[in-house]
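Hi there,

I am passing a structure on to you, as promised. Please have a look at it below, and then read on for my notes.

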Amino acid sequence: MFDHPDVSGLKPPTCKQPMQLTPCPCGRTTAKGQPLAFDICCGPCHAGQAAPDAESLMRSRYSAFVRCDAPYLLATWHTSTRPASIDLEPGARWLGLDIKQ
């Protein structure tokens with residue numbers, strides 16, 4: 001999934017939901033205001049595709065926090081500031097991502 005040597009041996013997240021047609025945690029919507037599904041929004045980034053732009057990367061990292069996907073967070077963290085590991089709380093309540101233009 002990720003080819004970075006520091007994160008390749010990490011276990012999959014324990015509280016991650018399966019990819020399905022559920023609204024993406026990042027809150028991205030279509031032009032008609034309909035929520036995008038995770039599998040077509042942030043899911044491809046979590047599956048190893050590069051984010052097409054900075055906003056998509058930020059949204060995918062927010063989704064990773066919501067889904068407790070520590071391997072993805074570590075893989076997308078710059079090596080100069082990335083911790084050796086992170087502990088995420090599966091019961092944490094994320095309230096939403098608000099992007100300011």
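Here is what turned up, starting with the cysteines and moving on to the cores and one serine.

Please keep in mind that this is a predicted model. The disulfide count comes to zero. Cysteine 26 takes part in no disulfide, and the nearest cysteine sulfur, that of cysteine 41, is 3.6 Å away. For cysteine 42, the closest cysteine sulfur belongs to cysteine 24, at 3.5 Å. A disulfide needs two cysteine sulfur atoms within 2.5 Å, so the sulfur of cysteine 42 is too far from that of cysteine 24 for a bond. Cysteine 26 is buried, with 1% relative accessibility, and cysteine 42 is buried too, with a relative accessible area of 3%.

Next, the nonpolar cores. The largest has seven residues: Cys45, Ala64, Ala70, Tyr72, Leu73, Leu74 and Ile86. Helix 3 (residues 70-75) supplies the largest share of this core, with four residues. There is also a second, separate core of six residues, among them Cys26, Leu36, Phe38 and Cys41.

Finally, a word on serine 60, which sits in helix 2 (residues 54-66). Is serine 60 buried or exposed? Serine 60 counts as buried, because its relative accessibility is 0%. Setting aside neighbours within four places in sequence, serine 60 contacts Cys42, Cys45, His46 and Tyr72. Two of these, Cys45 and Tyr72, belong to the largest nonpolar core, while Cys42 is the buried cysteine discussed above.

Best wishes

How values were computed. Residues are numbered from 1 along each chain as its sequence is written. This is a predicted model: local features need pLDDT of at least 70, side-chain atom pairs count only at pLDDT 80 or more; totals for chains, interfaces and linings use all residues. Side-chain values use heavy atoms; hydrogens and water are left out. Buried means under 20% relative accessible area, exposed over 50%, partly exposed in between (1.4 Å probe, protein chains only). A nonpolar core is a set of buried Ala, Val, Leu, Ile, Met, Phe, Trp, Tyr and Cys residues joined through side-chain atoms within 4.5 Å. Helices (H or I, at least four residues) and strands (E, at least two) are DSSP runs, numbered from the N terminus. Contact means heavy atoms within 4.5 Å.
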